Amino acid sequence: MSDAAKKPLLEVRNLRTVIDTAHGTFPAVDEVSFVLERGAVLGVVGESGSGKSMLALSLLRLLPGKGRIESGEALLDGRNLRALSEREMRGVRGRRIGMIFQEPLTSFDPLYTIGDQIAESVRKHLGLKPRQAREKAVELLSTVGIPRPDLACDEYPFQFSGGMRQRAMIAMALAPDPELLIADEPTTALDVTIQAQILELLAKLQRERGIAVLFISHNLGVIAEIADEVMVMYGGQVMERSEVVRLFDAPAHPYTQSLLEARPALDRAPSRLRAIPGQVPSLESRPAGCPFHPRCGRAMDICSRARPSRSFLGSGQEVACWLQGAGNAFQTHARASGAGGES
Amino acid sequence: MALIDTKPTAAPKRRRYFATLLRHPLALAAHAVLALAVATAVLASVYPADPLKQNLMSSLMPPSLKVDSLPGSQAALPAFMGTDALGRDLMARILLAIRISLAVSSLAVFIATAVGVFLGLVAGYVGGVLDSVIMRIVDALLSLPFVVLAIAVVAAIGPGLVNVALVLGLTGWVTFAKLVRGEVLRIKQYSFIEAAHATGCSGKRILFRHILPQTVGIILVNATLTMGQMIISEATLSFLGLGVPPPTPSLGGILSDAQQTFFAAWWIVVFPGLVLMAIILAINIAGDFLRDYFDPAEEGAL
Amino acid sequence: MLRFFLRRAMESLITIIVIVSVVFLVLNLSGDPIRMMASPTASAEEVAELRAAFGFDKPLVLRYGDFLAQISRLRFGDSISTRQPALRMVLQRLPATLLLAFTALAIATILGIPLGMLAAVRRGKAADTAAVLVSMMGQAMPVFWIALLLIFVFGVMIPILPPSGYGTFAHLVLPSISIAIFLLAGIVRVTRASMLEVLQQPFVTVVRSKGLEERIVLFKHALRNASIPVLTQLTLQMRFVIGGSVVVESVFGWPGVGQLLAQAAYGRDYPVVIAATFFIALFILAFSMMLDLAYGLVDPRVRIWH
């Protein structure tokens, strides 16, 4: 893919984000690499603590106090976001990369109207006058399906229902016409029926506007609805990446397989619904080697000692697991170093 | 939560307190200052110079380390902090004033705690009209500045050593009542209180044997912070001539006298104030530490 | 909003009644005020005359009824020392106290909020540590000591400001700073804590994710949210302002209600004590009602729900 003449919209290479705690420095995002093409939807799935939100915040360089990007790069249109000044970065946030957050209630400033909060970003990035910005906000609210948008524009977040707030949030993120939208668990805090509506809205806007989306969720079912490709994360690392259909049909990583088995489905007897034994290790207690090995039913000796490298299984599927054999691993190294050398 | 089962014996609890204290250097320093203040208060009269003896020959002597700087003193001792307008040794006066200040404030805190805890327990436990009346009074008194209230009461019963303690105690109980009532209302919901009711415990027994012990932590914290307020208030009243009557030295009184002479004698202004500030600072820090220690939500480590 | 306001006014009224009742009770239960009021050489007749003049010959309950009836018509009686109406004495001195209180409050707020913000934004850095230490010290220094030190430095050592008196702007400087230092400590502390809490909230990250300048993040969004606890603090602080002004007015010879109250207490001038206490309570309650209105301006949730 990286051989194509045109640069991908977003290319992340060996990104490593660490958090400094009282007990040392720990990686929250560990050597993550992926490519997101224009107009494509990449789903990121993982349990809480898998580093997916930290990945999103790393891309915007909005890590909370103790977090910092240690190495690797994130190229937006070939420009390394890490190399930008804070001022240039502000031109990227909102304008080129929009973000939707999980909690629609706490994501709005309670003291300003919805319209004002949409307009402030339009005014900054598109240089609109207050009146034009307001018109734009009304238009956007109507686009995301908020009834009587001209009135809603002057209402406060607490006067909106959860679903309405998330619609407004989408309007706010789309306001300056970004090319990339990061959606961090956008439906998790909502009722199931509302979830479906919001998901549908996102999918529709994505198609109409041809916007690329990095869709983060712990819910594989939600990812399956919207994403073209899926990246499975665990312990800050990418376990597996493939097209959605392929991931469901032929999961290659034991973790992906357990995730699929742990998912309730109508076509399976409830007795086969299994939880993954053990729990997600905390940031400070990540095991050496493959982070999943303590919970993996097929762990081998080597899994606790060394970290598996990426193997490519064809059709764009890649997996980081020792079960894929040494030959594949060797091939991966060759490919990876080749890709690194050309930039 | 560990509400019923844990009644840890005093010894490990105390050891844990000191262990926690050792990890907080600022709080440790505050405890040291307070220990020093208490020791000073106890031993004040051991200091050889006489805090009351006037000697106009040695009026307004600056601080000195020379042994003969305090003429007329029975002990050959330098006037470390100088002398006041009446030639009295400032060091001796301040040492005695610390004793007076701590004694008056302790008595005031004791009265405030006793009255406040009792009324708070009753208001919270009995509820109803009694509760409303007590809490109305509490809220009303809380809306007035403490000093104004104290001054109004001094106007009624007059200044004096014991009166000051009474005044401060009788105006300082309100925060205790408010806090304890809140705690009682909270604790009343727990099942072990219902269990005590069910097993036929009398109301009085439940109140004093089961509820009161649960509130010791916040009472202690509030008593500590109130102590600081009492020391300031005693000094303020004495400064205004409404507190400890002369010639008995008090930190506020010494500062009040200093107003007459301080264009010539900075030491009379500086030393008593520094002592006051050190003690109050130490009490505030120790109080914050105690609050963190008793409130698991604050530190999360208990 | 109107109903909310009426309810607050009702509560304030009850509070004032409770306060004057408590003061009345304390004054009347603590022995015979007339005996202390009258000069030691007064004859029995003179004492009886005084007693009748102040109504102390009636039973307590009746006197309490009379007292409330008089107070409700703002009749506080005449001062024992000056024989002037206590009400007039207090009202004459009220403007001076208000001037002092609001100047101190303004200084403390204007300096305290930016300092608290600075400390929060630089959390853990030198500026923060300095702000925390200074505010701890400020809260541990008795107001009258601050006043004495200021007089010593700016009135005696470098005599650029009048050490006492009333009338010009220069006279206002030292008294108001004395009170402001203590206030400042509290405001810095609360602003810092509340700012730290607001900066942790998700919406701050959202504002940043929109690419807005840190200036907008801090001043438009974080500060306005952080100011809500600061307003609450100001209500509490007004008590300290008035408490401090009693002392500061006495130190600087500032002709306000506080100085009057201290003098009246010293001279056991009950009518003046009661009148002064009444107006101090009235002022503090009015101030806190004003702040309730300010809440509505800052927070739409208050405005729309009430």
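Tutor: Two strands count as paired if DSSP finds at least two bridges between them. Keep that in mind as we go through this predicted model.

Student: How many residues lie between S1(A) and S2(A) in the hairpin they form?

Tutor: Start with the pairing: nine bridges join strand S1 (residues 10-21) of chain A to strand S2 (residues 24-36) of chain A, and the two run antiparallel. One bridge sets Val18(A) against its partner in S2(A), Pro27(A). S1(A) and S2(A) form a hairpin, and the number of residues between them is two.

Student: Which are the edge strands of the open sheet of eight strands in chain A?

Tutor: Read the strand order, which is S6-S7-S8-S3-S9-S10-S12-S11 (chain A), with mixed pairing. An edge strand pairs on one side only, and that applies to strand S6 (97-100) and strand S11 (310-314) of chain A. From one strand to the next the twist averages 20 degrees. The edge strands, then, are S6(A) and S11(A).

Student: At what angle to S9(A) does helix H10 of chain A run?

Tutor: Helix H10 (residues 254-261) of chain A lies across two strands, S9 and strand S10 (237-243) of chain A. Its direction relative to S9(A) is given by an angle of about 100 degrees.

Student: Which helix of chain A gives the largest share of the side that touches chain C?

Tutor: The contact takes 22 residues from chain A and 19 residues from chain C. On the side of chain A, the elements that give two or more residues are helix H2 (86-92) and helix H3 (114-126) of chain A. By class, this side of chain A has nine nonpolar, six polar and seven charged residues. The largest share, four residues, comes from H3(A).

Student: How many helices does chain B have?

Tutor: Read along the sequence, chain B follows the pattern α-α-α-α-α-α-α-α-α-α-α-α-α. Of its 302 residues, 46% are buried, and among its contacts between residues at least 6 apart in sequence, 69% join residues at least 24 apart. Chain B has zero strands, and its number of helices is 13.

Student: How far apart are the end C-alpha atoms of helix H3 of chain B?

Tutor: H3(B) is mostly covered, with 28 of its 37 residues buried, and it is followed by Gly127(B), whose phi is positive, near 70 degrees. At 1.5 Å a residue, the 37 residues of helix H3 (residues 90-126) of chain B should span 54 Å. The model agrees with that, because the end C-alpha atoms are apart by 52 Å.

Student: Is H5(B) oblique or roughly perpendicular to H10(C)?

Tutor: Helix H5 (residues 146-157) of chain B packs against helix H10 (residues 214-252) of chain C at an angle of about 55 degrees, with the axes 7 Å apart. Phe146(B), Val147(B), Val148(B) and Ile151(B) make the contact with Ile242(C), Gly243(C) and Val246(C), a set of six nonpolar, one polar and no charged residues. Roughly perpendicular begins at 65 degrees, so H5(B) is, relative to H10(C), oblique.

Student: How is H10(C) oriented relative to H11(C), roughly perpendicular or oblique?

Tutor: The axes of H10(C) and H11(C) come within 7 Å and cross at roughly 75 degrees. Residues that meet here include Ile242(C) and Val246(C) in H10(C) and Leu261(C) and Ala262(C) in H11(C). By class, the contact of H10(C) with H11(C) has four nonpolar, four polar and one charged. The range of 65 to 115 degrees holds the angle, so H10(C) is, relative to H11(C), roughly perpendicular.

Student: Which helix gives the most to the side of chain C that touches chain B?

Tutor: Here 41 residues of chain C are in contact with 38 residues of chain B. Helices that each supply at least two residues of the side of chain C include helix H1 (2-29), helix H6 (126-140) and helix H12 (270-298) of chain C. That side divides into 33 nonpolar, six polar and two charged residues. With eight residues, the helix that gives the most is H1(C).

Terms used
Residues numbered from 1 in each chain as written. Chains lettered and ligands numbered in written order. Predicted model: local features only at pLDDT ≥ 70, side-chain atom pairs only at ≥ 80, totals over all residues. Contact = placed C-beta atoms within 7 Å. Nonpolar A, V, L, I, M, F, W, Y, C, P; charged D, E, K, R; others polar. Axes fitted to C-alpha atoms, helices over the stretch in contact; angles between N-to-C directions. Parallel < 35°, antiparallel > 145°, perpendicular 65-115°, else oblique. Expected span 1.5 Å × (residues − 1). Buried ≥ 20, exposed ≤ 12 C-beta atoms within 10 Å, placed from the backbone.
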